[in-house]
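Visitor: I would like a close look at one part of this model. Please take me through it step by step.

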Amino acid sequence: MEKTPTGTAVGVDDPYAHVDRCDHLTDAGKCRFAVEQGDRDPAFADARSAEEFQCPVAGDLDEEGLTGPWEWADCPHFRRRDHGRRAESGTTASRECARCGLEARRLAHSDERPLLEEHHLSYADAASEDGDPRHEITVVLCRWCHSKVHDSWARIDDDVNPDAEAIAEAASRRAREQDELSFSSAAERFDRDGG
């Protein structure tokens with residue numbers, strides 16, 4: 001299993017197996033890094049420009065899957081920071097834990113610790129055993145799953161349900177969220193105040 005620079009487990013054998021796309025890949029299959037940050041690596045930007053900025057991993061978008069000649073690991077500027085899997089709940093999207101599915105609950109004016117945290121599968125500044133640079137790859141985990149992955153042999157792709165403590169905390173936040181959103185008319189407020 002992959003390890004952090006300090007030696008704790010990250011919960012996967014191959015971080016790239018948990019990547020669906022690069023943060024720099026546009027919906028048109030172009031490399032945003034080469035277009036917007038080409039001055040950081042002119043040779044890379046020139047090579048991409050010669051290919052009309054086509055991503056060398058994505059390849060032809062008219063074909064199914066990744067059809068380019070490269071793998072994600074081959075790209076020197078690959079990055080995937082997942083700030084939360086999106087799930088439809090009613091009409092609004094919410095963030096979820098990639099392991100247990102616990103939804104985020106964050107109150108607008110609260111400094112409480114968030115339920116979800118970003119978890120690194122790979123670190124940009126670490127080098128592999130063969131000396132090749134690593135790419136930054138993250139997923140979002142609830143703090144309970146995050147702890148289990150680092151403190152034991154728990155894996156990202158385990159089929160698990162949220163912890164009872166996590167469910168209770170999320171329910172408590174949901175109740176407070178509903179209290180904040182509740183509506184009372186002026187007449188109700190006036191009667192409450194003894195008017």
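Visitor: In β5, which residue is the bridge partner of R81?

Guide: In β5, R81 has T138 as its bridge partner. A word on the model: it is predicted, so local features need pLDDT of at least 70 and side-chain atom pairs pLDDT 80 or more, while totals for chains, interfaces and linings use all residues. Residues are numbered from 1 along each chain as its sequence is written, and side-chain values use heavy atoms, without hydrogens and water.

Now the strands. Strands (E, at least two residues) and helices (H or I, at least four) are DSSP runs, numbered from the N terminus. Two strands pair if DSSP finds at least two bridges between them. β1 pairs with β5 (residues 136-142) in the parallel sense, over three bridges. The open sheet has three strands, ordered β1-β5-β4, with mixed pairing. β1 (79-81) and β4 (116-122) are the edge strands, each pairing on one side only.

Helix α3 (residues 143-151) packs on the sheet and touches β4 and β5. Contact here means heavy atoms within 4.5 Å.

Next, the core. A nonpolar core is a set of buried Ala, Val, Leu, Ile, Met, Phe, Trp, Tyr and Cys residues joined through side-chain atoms within 4.5 Å. Buried means under 20% relative accessible area, with a 1.4 Å probe and protein chains only. The largest such core has 34 residues; L141, C142 and I156 are among those with the most contacts inside it. β5 gives the most to this core, five residues. Domain 1 (14-78) and domain 2 (82-184) both contribute residues, so the core lies between them. Those bounds come from an automatic or database domain assignment.

Note on methods: Axes are lines fitted to C-alpha atoms, for helices over the stretch in contact, and angles run from 0 to 180 degrees between N-to-C directions. Buried means under 20% relative accessible area, exposed over 50%, partly exposed in between (1.4 Å probe, protein chains only).
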